[in-house]
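This briefing is meant for a reader who is meeting the structure for the first time. Please look over the sequence and the model before reading on.

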Amino acid sequence: MNCNTYKPQKYYIFTYGCQMNVRDSETIAGLLEAMGYVEAASPEEADLILFNTCSVRHSAENKVYGKLGEIMSLKKKNPDILIAFGGCMAQLAEVRQKLKKQGVDVVFGTHNIHELPHLIQKVRESQLPVFKVWEREGQVIESLPSKRQNGISAFVNIMYGCNNFCSYCIVPYTRGRERSRHFADIIKEVEELAANGYKEVTLLGQNVNSYGRGLDVKIDFADLLREVNAVEGIERIRFTTSHPKDVSDKLIDTIAECSKVCEHIHMPLQAGSNTVLQRMNRSYTREHYLELVEKIRHKIPGIAITSDLIVGFPGETEEDFLQTLDMVEKVRFDAAFTFMYSPRSGTKAALFGDQVSLEEKKERLQRLNDVQYRIATEINESLTGTVQEVLVEGPSKTNREKLTSRTRTNRIVIFSGPKTLIGELINVKIVKARTFSLFGELT
Ligand code: SAH
Ligand code: SF4
Ligand code: F3S
């Protein structure tokens with residue numbers, strides 16, 4: 001081959017779903033680059049287009065199918081493009097059936113990302129589709145290459161999978177049983193990030209509070225936080241998600257005592273009615289949740305508490321729903337992601353008889369958002385005039401002239417300033433508040 005005409009193959013990744021998938025896409029990018037691929041600026045320029053998918057709700061799957069349809073018409077014009085499909089949707093047999101008909105080239109699951117280079121190689125050689133998904137999780141695999149998204153803030157997996165089987169949720173089926181990474185591997189990764197100039201790490205797990213179960217050393221999430229807190233160079237530590245059933249006093253004390261651990265806890269309530277919570281298999285009551293909130297706020301003043309909330313779970317009555325609204329008023333979440341219940345086949349709740357109608361779900365979601373957004377706006381407004389320490393992340397997505405940053409409590413603050421501030425911890429004065437963000441001025 002003439003070197004002058006050699007052009008590296010290009011890849012483009014579409015990522016859907018949660019931070020786990022964002023992190024997995026970084027690993028996928030690392031694996032592809034190790035094969036010699038380079039990133040394409042757009043799907044039109046790519047030789048390999050990869051979907052890293054989410055199946056948590058019907059709407060998430062629909063988005064993927066919509067985009068896949070578009071990309072398949074691109075492939076019709078240029079049959080040389082390879083289409084790869086992975087992530088949580090790929091774990092589901094009925095999805096794979098559809099993908100066979102669509103003409104996708106490579107399908108891989110959440111448990112065998114490391115096999116991707118091999119699968120791509122195989123499809124190139126055989127010119128036939130290669131579908132390979134592991135039904136069950138394997139050992140945790142360390143030291144895969146990865147290409148992180150930015151040089152300031154990094155996601156770090158501390159565990160994979162979930163054992164909770166909330167009755168609405170597909171995640172235990174797509175991500176397998178809970179496995180914790182070895183504590184030494186996590187610390188090594190955080191140290192490397194610090195050495196490379198990263199200021200912030202977010203520790204990831206479906207339920208970080210159960211970190212350490214099943215490891216040969218006796219360590220829990222609070223111990224891990226302390227160790228990460230001791231890594232020099234890292235200035236901020238975040239973590240997500242905390243299941244309310246496993247938030248211990250030790251964890252609360254540790255968050256309070258570790259100076260780098262940010263004052264923010266994402267602790268999904270899901271629903272306010274004890275009957276619904278029980279049918280969701282969440283293993284806590286509204287009373288327990290309220291006690292936790294009180295304890296956390298007492299020990300960690302100013303902490304932001306955020307939540308996920310579902311409306312229209314099967315059997316949810318108007319009374320039950322009012323209990324959710326009541327909890328939102330009582331707790332006053334700093335922010336919340338709100339969802340309409342979406343039946344997922346294979347989960348328990350999908351088989352419950354008393355499904356709530358779409359109209360009712362829509363109406364409840366609207367009412368919930370009205371209350372939650374009002375509260376979030378009120379809390380944000382109370383911050384105007386205060387000075388906040390923020391980590392500057394980069395140009396604002398909505399206005400490239402401005403910078404976007406985050407407070408320790410995970411609030412977005414937009415302000416004007418020189419680009420040299422990107423990656424720095426600075427103080428800004430809050431001058432204006434909105435429901436989802438704040439506006440600041442350099443002090
Ligand atoms: N492990 C995390 C949540 C992962 S899924 C936790 O337990 O908190 C993220 C959120 O999606 C959940 O908190 C829940 O609010 C929502 N969700 C999950 N399954 C859903 C479904 N079938 N319908 C609607 N929302 C759902
Ligand atoms: Fe899903 Fe519940 Fe596990 Fe969260 S804890 S991933 S909601 S089963
Ligand atoms: Fe979606 Fe899988 Fe995450 S279902 S929310 S991408 S774990």
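The model is predicted. Its protein chain is assigned three stretches: domain 1 (10-132), domain 2 (153-381) and domain 3 (387-442).

**Domains**

- The centres of domain 1 and domain 2, taken over C-alpha atoms, are separated by 29 Å.
- Domain 1 gives 18 residues to the contact, and domain 2 gives 18 residues to it.

**Ligand surroundings**

- Around ligand 3 are C18, N21, C54, S55, V56, C88, V171, R175 and Q206.
- This shell around ligand 3 is made up of five nonpolar, three polar and one charged residues.
- Domain 1 (10-132) and domain 2 (153-381) each supply at least three residues to the shell around ligand 3.

**Salt bridges**

- The model contains 36 salt bridges.
- One of them pairs E39 with K147, whose closest N and O atoms are 2.6 Å apart.
- E39 belongs to strand β2 (residues 38-39), while K147 is in the loop between β6 (130-132) and β7 (153-157), so that this pair links parts of the chain 108 residues apart.
- K147 is partly exposed, because its relative accessible area is 31%.
- A salt bridge also joins R96 and E135, with 3.1 Å between the closest N and O atoms.
- In the pair R148 and E189, the closest N and O atoms of the salt bridge are 2.4 Å apart.
- This pair connects the loop between β6 and β7, where R148 lies, to helix α6 (residues 183-195), which holds E189; the two residues are 41 residues apart.
- Both partners are buried: R148 has a relative accessible area of 18%, and E189 has one of 12%.
- R148 and E189 belong to one network with R23, E26, E142 and R181, joined by salt bridges that share partners.

**Nonpolar cores**

- In soluble globular proteins, nonpolar side chains tend to be buried together.
- The largest nonpolar core here has 68 residues, and L203, F221 and Y289 have the most contacts inside it.
- Leaving out residues up to four places away in sequence, Y289 touches P244, M267, P268, L269, Y284, I305, S307, M327, V331 and F333.
- Another core, of 26 residues, lies apart from the largest one and includes A46, I49, V64 and I81.

- L193 is part of helix α6.
- The relative accessibility of L193 is 4%, so this residue counts as buried.
- Beyond residues up to four places away in sequence, L193 touches R148, A154, V156, Y198 and V201.
- The C-alpha atom of L193 is 8.2 Å from that of I234, although the two residues are 41 residues apart along the chain.
- R286 is found in helix α10 (residues 286-299).
- R286 counts as buried because its relative accessibility is 8%.
- Setting aside neighbours within four places in sequence, the contacts of R286 are G272, N274, L277, Q323, D326, M327 and K330.

**Backbone angles**

- Most residues other than glycine have a negative phi, and most peptide bonds are trans.
- The peptide bond from T240 to T241 is cis, and its omega is near 10 degrees.
- T241 is in the loop between β11 (236-240) and α8 (249-257).
- Q127, a residue other than glycine, has a positive phi, near 60 degrees.
- The loop between α4 (116-126) and β6 contains Q127, which counts as exposed because its relative accessibility is 65%.
- N410 also has a positive phi, near 70 degrees.
- N410 lies in the loop between β16 (403-407) and β17 (412-415).
- At 27% relative accessibility, N410 is partly exposed.

Definitions and conventions: Residues numbered from 1 in each chain as written. Chains lettered and ligands numbered in written order. Predicted model: local features only at pLDDT ≥ 70, side-chain atom pairs only at ≥ 80, totals over all residues. Heavy atoms only, no water. Salt bridge = Lys/Arg side-chain N within 4 Å of Asp/Glu carboxyl O. Helix = DSSP H or I, 4+ residues; strand = E, 2+ residues; numbered from the N terminus. Buried < 20%, exposed > 50% of the residue type's maximum accessible area, 1.4 Å probe, protein only. Near = heavy atom within 4 Å. Nonpolar A, V, L, I, M, F, W, Y, C, P; charged D, E, K, R; others polar. Domains from an automatic or database assignment. Contact = heavy atoms within 4.5 Å. Core = buried A, V, L, I, M, F, W, Y, C linked by side-chain atoms within 4.5 Å.
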